[in-house]
Amino acid sequence: MKKSQTASVPSSRLSRLSSLGGLASRLAGNIAVEGAKRFTQGQTPKLQELMLTPTNIGHIADKLAQMRGAAMKVGQMLSMDSGELMPKELSDLLARLRSDAKIMPYKQLVTMLKHNWGDDWLAPFAHFELRPFAAASIGQVHQATLANGNKLAVKIQYPGIRNSIDSDIDNVATLLRVSQLIPKGLTFEPLLLEAKKQLHIETDYRAERAMLLRYKQLLGDDNTFVLPATYDELCTADILVMDFIEAQSIESVANLSQNVRNTVASELLKLFFRELFEFKLVQTDANFANYQYQSSQQKIVLLDFGATREIPTPLSDNYEQLMKAAKVNDRVLMEDAAQKIGFFQQAISEQQKAIILDIFYQACEPLRSEQAYDFGQSSLATRLKAAGMSMSTQSDKWHTPPADAIFIHRKLAGIYLLAARLNAQIDAKSIFEATIEQA
């Protein structure tokens, strides 16, 4: 983990609201000063231009990073799910939140440990590293060693996060709306409602542990993947204790042979198809930090199951139809599947519908390749970005897709992005067809 700043997490609803209130006051002051400056220069700036100054962008990012929890998570979700519908400056701001989290000070950390394990919290351990080796929006991870020598990864939730989810998201949404950082035509309320539901699940580490155990069972004897074991007697709603697995970052695979890069990316795409069509259980967060690689064992380590979602069988079946139809460019079947999934619940123009179907068609391009698809040399990401921009120009005729669809697309986009980062060549068509046949 890169060197992180320490900052106490506001743990009460009032303190978290005050943090955002203080931010709003500071932004308002900056807007007034910048506005006066531009007026004296003969300019008539819009409110959004005054808001999206480098100074204000920095203030917003720093405050959300300090608050962590839902305030930070909603920024991460908007940056990944709304993509090119966001102004570039806001996208840059939100992207910072995917990797920038401050850590708890020592006193607040010990308070959390005592709350969960009692005053004698250190007793089971031969050593407990007080500085985390990873920090994110909901919690931070520490390394520890049991008396028997077993190395552990201890994931500790920030205080007050669970009880502040709804108010945090509402407050951040208000801030974004009032500051005009969200385009007028974008309906993002359903996404925020789903974010609340998802975060209530993610902040219960007992639920994450249950999902981890389900994945271990589903993968069975598959030797491709490694998942950490949990230490149930030490796990609580706020703390998840697992084996510490020695491995390298998944990005390090880019330095290995072409064959290894192809194999790793292929196995992850195969896993996604199995999740969607066989398991009907998808770990929807394709953050690179959730994957690691053991080069000596040639195994992929899977981490973080908090954002795992059940996929209803009808939805899984409709995605199978959508992808099969996109393989052969059957627009009638594609439209039927998209309608059933929920993309066309509201009246939209035929032009807008054609744009959406074209995005689906392009996204399934790897499934049509008769040879290994070269993600490193592909312009697919650029073309999908351009199509998204075209769609956003008629945002008054577009509505937010179903929540499950958003999370499924986020996972597939993450796999594509990783494959491109690894310059991998994947026989996606064969993987898809084999998985569908076996599911």
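Figure 1. The model is predicted, with local features needing pLDDT of at least 70, side-chain atom pairs counting only at pLDDT 80 or more, and totals for chains, interfaces and linings using all residues. Residues are numbered from 1 along each chain as its sequence is written, and side-chain values use heavy atoms, with hydrogens and water left out.

R331 belongs to helix 12 (residues 331-341); helices (H or I, at least four residues) and strands (E, at least two) are DSSP runs, numbered from the N terminus. With a relative accessibility of 31%, R331 is partly exposed; buried means under 20% relative accessible area, exposed over 50%, and partly exposed in between (1.4 Å probe, protein chains only). Leaving out residues up to four places away in sequence, R331 touches A354, L357, D358 and Y361, contact meaning heavy atoms within 4.5 Å. A354 lies in helix 13 (residues 350-363) and is partly exposed at 40% relative accessible area. From A354 to R331 the C-alpha separation is 9.0 Å, at 23 residues apart along the chain.

**Figure 2. Q321 and K327 in helix 11.** Helix 11 (residues 313-327) contains K327, and Q321 is also placed in helix 11. Q321 counts as buried, with 18% relative accessibility. Not counting residues up to four places away in sequence, Q321 touches L333, D336, A337 and K340. The side chain of K327 forms a polar contact of 2.7 Å with the side chain of E433. Apart from neighbours within four places in sequence, K327 is in contact with L367, R368, K429, F432 and E433.

**Figure 3. Strand 3 and its pairing partners.** Strand 3 (residues 139-146) has seven of its eight residues buried, so it is largely enclosed by the rest of the structure. Two strands pair if DSSP finds at least two bridges between them. Strand 1 (residues 125-128) pairs with strand 3 in the antiparallel sense over three bridges, and F125 stands opposite L146 in strand 3. Strand 2 (residues 134-135) is joined to strand 3 by two bridges, and these strands run antiparallel. In this pairing A134 stands opposite V141, and a hairpin of three residues joins strand 2 to strand 3. Strand 3 also pairs with strand 4 (residues 151-157), antiparallel over seven bridges, with Q140 opposite I156 in strand 4. The hairpin formed by strand 3 and strand 4 has four residues between the strands, and G149 in the turn has a positive phi of about 95°.

Figure 4. Four strands form an open sheet of mixed pairing in the order 5-10-9-7. Strand 5 and strand 7 (248-249) are the edge strands, each pairing on one side only. Strand 5 (residues 225-226) and strand 10 (residues 299-302) run parallel and are joined by two bridges, with V226 opposite V301. Strand 9 (residues 291-294) runs antiparallel to strand 10, with four bridges, and Q292 also stands opposite V301. Four residues lie between the strands in the hairpin of strand 9 and strand 10, where Q298 takes a positive phi near 55°. Strand 7 and strand 9 are paired antiparallel over two bridges, with Q248 opposite Y293 in strand 9. Helix 10 (residues 258-279) lies across strand 5, strand 9 and strand 10, at about 45° to strand 10; axes are lines fitted to C-alpha atoms, for helices over the stretch in contact, and angles run from 0 to 180 degrees between N-to-C directions.

**Figure 5. Cysteines C235 and C364.** C235 is buried at 16% relative accessible area, and C364 is buried at 8%. The disulfide count is zero, a disulfide being a pair of cysteine sulfur atoms within 2.5 Å.

Notes:
A polar contact is a pair of N or O atoms within 3.5 Å; within protein, one must be able to donate a hydrogen and the other to accept it, and residues adjacent in sequence count only if both atoms are side-chain atoms.
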